[in-house]
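Thanks, everyone; I would like to take a few minutes on one model, going from a helix to a surface patch and then to an interface. Please have it open while I talk.

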Amino acid sequence: MTMDPSPHLESDVLQALAEGELSRERERLARAHLDECARCRSEMQGWALLFSELEELQDLRPSSDFSARVMSGVEVEASTPARSRWIDRLLERVPGVRPSPGDRHLSVQGIQDYLEGALDRGTRSRVESHLDDCLTCGTLRMEWEALFSELDELPQLAPATGFADQVMAKVPVAAIAKVANAPERSWVSRATELSRRLLPSSPKSWAVAGGVFMAPSVGLIAGVAAVVVHPLLSLRELALFIGWRASDLGSLVWAYSLDALTGAPGVYWLMDTLRTLFETPGLAAAGIMALWALTMTSAWVLYRYIVAPTLSTGHHAKLS
Amino acid sequence: MDHSTLEDREVAALACKGRESAFRELLARYERPVFSLVYRMVRDRTLAEDLAQEAFIKAFHALGSYKPEYKFSSWLFKIANNLTIDHLRKKKLDTISIDGSPHASGEEETSRTRFILPDTGETPDEYTENRELGGQIEDAIARLRPEYRTAILLRHVEGHSYDEVADIMELPLGTVKTYIHRGRSELKELLSEVAA
């Protein structure tokens, strides 16, 4: 909202002035400008007139029976066809036949529900009363009754002779009975079947599953390889290091387990044996070799069933 | 053995035990109703017999999974209706548009969801006569969209309750009521057009 640098007041300033939203100082300045500027004064008069007219607009109200129409589930005049409204206007001129004031016609759905007996007793009674008095709805009811009657009288159609024999020729009665009467299976057999379903069903899916499970060992072997290739580290030293770590781990397990197993016969002998094994460099080396073999196997399986088939598919596609 | 006095579920139980006569009893009870529904849906006798046959074979193979607390006729009609609807959907490429979805909220959606009637290149009269389904009411039913047609036929020709129709069509009860009301209104309109 600015009054400067334009020589005239902007429309938003004039609107704010008309609504009394300007600060006292800005209003004083604006009014001072209006006293001197005929153009702004004229525009201001236009805004003032518009505001006045807007304030004088009256509230619009729905018709008096609007609420009743909204609240009525069955009686909706709007659903009456134009022809019926025309009939109504005609009937209004006939004494004794005109529907009573305030009466509305039954909806299409209401008539259908009535004919199907889907209305509760109270609604049904009101509908019947209306139907007795209202010629329009009475006529509609007859039309609907005729349609219901036609639909209900539609015949069932028969297939060609021999249909049952044709079906029975394709129904293995004994096999169906065998399946239907198969004994309830135990939870063991269900669990077995479930596990069988969960297991990979093809060489490729086995390869994928194997690859997923072997992936950690691939990472591990890569880490080991990164360490081994270091010029200051030999494989033997690494094996010794792992052996020491394993020995430390063994000692730790030993310490924790000792309290729990105190007094158990043969425990000391077992722990001594395990410690000896962990401290043996050859055992650590054998472990690494096994890990390596496992990873190589998984790498080969991944290549054989995932990478290689993709390449060969592309090759065949080119050939074709 | 005479199974005519037994209830459907008892006959189905006997069929499960391998009694061929029980299978035949179920066929005798439902071959006409099932065929009628399918025939009025696809309006081709040969095709209707194939579909009805497929429905029975499928139902009989699945008898072991049929639960006696469920109404047998509803279970059987559900299988037949699903097969028929699947067939109509597969055939929808060879179709012409007539109308839009009853739930369409705008012109665009109405246009997108136009109902489809098989385009056989016949006039409506030829279509009706050639398919042995004569009469104005049959012709009007043929012009309804499939979901309205199924609901109307199950309700009026087969005499199922609204709940059963909802169960067979696997639709909410309110939707089925709407389908039947609108279907009948369309029928009334179509018939009055013919009369005029």
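Helices here are DSSP runs of H or I with at least four residues, strands are runs of E with at least two, and both are numbered from the N terminus. This is a predicted model, in which local features need pLDDT of at least 70 and side-chain atom pairs count only at pLDDT 80 or more, while totals for chains, interfaces and linings use all residues. Residues are numbered from 1 along each chain as its sequence is written, chains are lettered from A and ligands numbered from 1 in the order in which they are written, and side-chain values use heavy atoms, with hydrogens and water left out.

Ile306(A) sits in helix α15 (residues 281-319) of chain A. With Val208(A), Val212(A) and Phe213(A), Ile306(A) forms a nonpolar patch on the surface, with about 390 Å² of accessible area together; helix α12 (residues 203-228) of chain A supplies the largest share, three residues.

Turning to the interface, 34 residues of chain A are in contact (heavy atoms within 4.5 Å) with 41 residues of chain B. In chain A, Gln156(A), Leu157(A) and Phe163(A) lose the most area to chain B, together 19% of what that side buries, where buried area is the accessible area (1.4 Å probe) that two parts lose on being put together, summed over both.

How many salt bridges does the rule find across the interface of chain A and chain B? There are four, taking a side-chain nitrogen of Lys or Arg within 4 Å of a carboxyl oxygen of Asp or Glu, and one salt bridge joins Arg24(B) and Asp165(A) at 2.9 Å, N to O.

Key: Patches are made of residues with over 30% relative accessible area and no salt bridge: like charges are joined within 9 Å, nonpolar side chains (Val, Leu, Ile, Met, Phe, Trp, Tyr) within 5 Å. Accessible areas come from the Shrake-Rupley method with a 1.4 Å probe; for residues, only the protein chains shown count as cover.
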